[in-house]
Each structure stands twice: as C-alpha cells, then as structure tokens.
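This report goes through one protein model for a reader who has not seen it before. Please keep the sequence and the 3D view at hand while reading.

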Amino acid sequence: MKRVRITDRPPRLDYYVNSMDASEPPVQAEEKVSLEQYSDQKLSDQKLIEGLSSGQLGALQAIYQRYSRLVYTLAYRVLRSSEEAEEVTQDVFLTLWEKGRYRAEQGRLSGYLTMMARSRSIDRMRSRSAHYRRLQTWHVMTQAIAPSA
C-alpha cells in the first residue's frame, strides 16, 4: 500500500466522530438538525461553545471546520510528522468535546486551541526524545555485554 503524505489539510472530523466510543448512542434526527444549525460561519465562538456545552455535535463540527487547519499546522510545524500532527489534532478536539474546559474569560478560542496544540506537541517531542535516549542506552549496554569476536 502506498503512503500518501498530506501536510496542507487536517484529518476529517467525521472519521473521529465515527471512531468515538461505540457505547455512545448514534446521532438522532434532532441532532442532525443541529448540525445544520451551526453551519453558519457567522456564529460567534461563544455561541459555538454554548452549543458544545449542551452536547451539540454540530457545534464541535463548526469549531473543527473553523480551527482544525490552525491546530494541525501548528502541530505539524513542531512535530514534522503528519501522522503525529493528526493525532494531536484529534486529541485537542476530543479534549474540547469531552472536557469542555474553555471559558471565554480565558481569552479567545483560537488562542486556547493553539495553546493546547502546542503543549501536546511539545509533550510528544519530549516523549519521543526520551524514547530515543532509552534506545541509545539499551544499544550501548548490549554492545558492552556482547562478547568480543
């Protein structure tokens, strides 16, 4: 299978929504109407956050459409890996959906999402470098233990 590298666009939201916990009920007809309700690009971030707080999937979709490119681009610039940038993007929006800790008093939504993406990307970089150091240590130890030929 040929791998295609996509660096100019974030992953699609419906992929992540469909891969959420299978124990959650499927989207009902009333919720489908709410998806259309949030399709208006003129809605303020505050209105979208209110919809998100009430569990409206359409609000998450609108926020994702508005800010996913920003989050993905930032994560990609830090990580230099499209796969990891996609994972960070997914993590940021799922955290916003599940925990919903954003408050308007904290500043703009774009700044909040950017901060989350930056923090998670740096955490992944640290994890990656710690893993690399462990591999180097293991390699040095195995070379010291290996019998000389």
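## Terms and overview

Two residues are in contact when they have heavy atoms within 4.5 Å. The model described here is predicted.

The protein holds 6 helices and 0 strands. Along the sequence, the elements follow the pattern α-α-α-α-α-α. The protein has 149 residues, and 32% of them count as buried. Of the contacts between residues at least 6 apart in sequence, 64% join residues at least 24 apart.

## Helix α3 and its surroundings

Which residues of α3 are buried? They are D45, L48, I49, G51 and L52. Seen down the helix axis, these buried residues fall within an arc of 160°, so they line one face of α3. The elements that cover them include α4, α5 and α6.

After α3 comes G55, and the phi of G55 is positive, near 85°.

## Salt bridges

Side chains of opposite charge can pair when their charged atoms come close. D45 forms a salt bridge with R66, and the closest N and O atoms of the pair are 2.7 Å apart. D45 is among the buried residues of α3, whereas R66 is partly exposed, at a relative accessible area of 25%.

A salt bridge also joins R120 and D91, at 2.5 Å from N to O. R120 lies in helix α6 (residues 109–145) and D91 in helix α5 (residues 82–99), so the parts tied together are 29 residues apart in sequence. R120 has a relative accessible area of 24% and is partly exposed. D91, at 32% relative accessibility, is partly exposed too.

The salt bridge between R126 and D123 has an N to O distance of 3.8 Å. Both residues are in helix α6, 3 residues apart, which puts about one helical turn between them. Is R126 buried or exposed? R126 is exposed, with a relative accessible area of 56%. For D123 the relative accessible area is 44%, and D123 is partly exposed.

## Aromatic pairs

A pair of aromatic rings is described by the distance of the centres and the angle of the planes. The structure has 3 aromatic pairs. One of them is formed by Y72 and Y76, a stacked pair with 6.3 Å from centre to centre and 15° between the planes. Y72 and Y76 sit 4 residues apart in helix α4, about one turn of the helix. Both Y72 and Y76 are buried.

Why is the pair of Y102 and Y112 described as tilted? The planes of the two rings stand at 55°, with the centres 5.2 Å apart, so the pair counts as tilted; the cut-offs for that class are that planes under 30 degrees apart count as stacked and planes over 60 as edge-to-face. Y102 is in the loop between α5 and α6, while Y112 is in helix α6, and the pair links distant parts of the chain, 10 residues apart. Y102 is buried, at 6% relative accessibility. Y112 is also buried, with a relative accessible area of 15%.

## Packing of α4 against α6

Helices α4 and α6 pack with their axes 9 Å apart, at an angle of about 30°. The crossing of α4 and α6 is right-handed.

Which residues of α4 meet α6? On the α4 side they are I63, Y67, L70, V71, L74, A75, V78 and L79. The residues they meet in α6 include L109, L113, A117, I122 and M125, and also R118, R124 and R128.

Most residues other than glycine have a negative phi. R80, a residue other than glycine, has a positive phi, near 55°. Where is R80 found? R80 lies in the loop between α4 and α5. At 58% relative accessibility, R80 counts as exposed.

Methods. Residues numbered from 1 in each chain as written. Predicted model: local features only at pLDDT ≥ 70, side-chain atom pairs only at ≥ 80, totals over all residues. Heavy atoms only, no water. Salt bridge = Lys/Arg side-chain N within 4 Å of Asp/Glu carboxyl O. Buried < 20%, exposed > 50% of the residue type's maximum accessible area, 1.4 Å probe, protein only. Helix = DSSP H or I, 4+ residues; strand = E, 2+ residues; numbered from the N terminus. Arc of directions from axis to C-beta. Phe/Tyr/Trp six-rings, centres within 6.5 Å; stacked < 30°, edge-to-face > 60°. Axes fitted to C-alpha atoms, helices over the stretch in contact; angles between N-to-C directions. Left-handed = near helix turned anticlockwise from the far one by under 90°.
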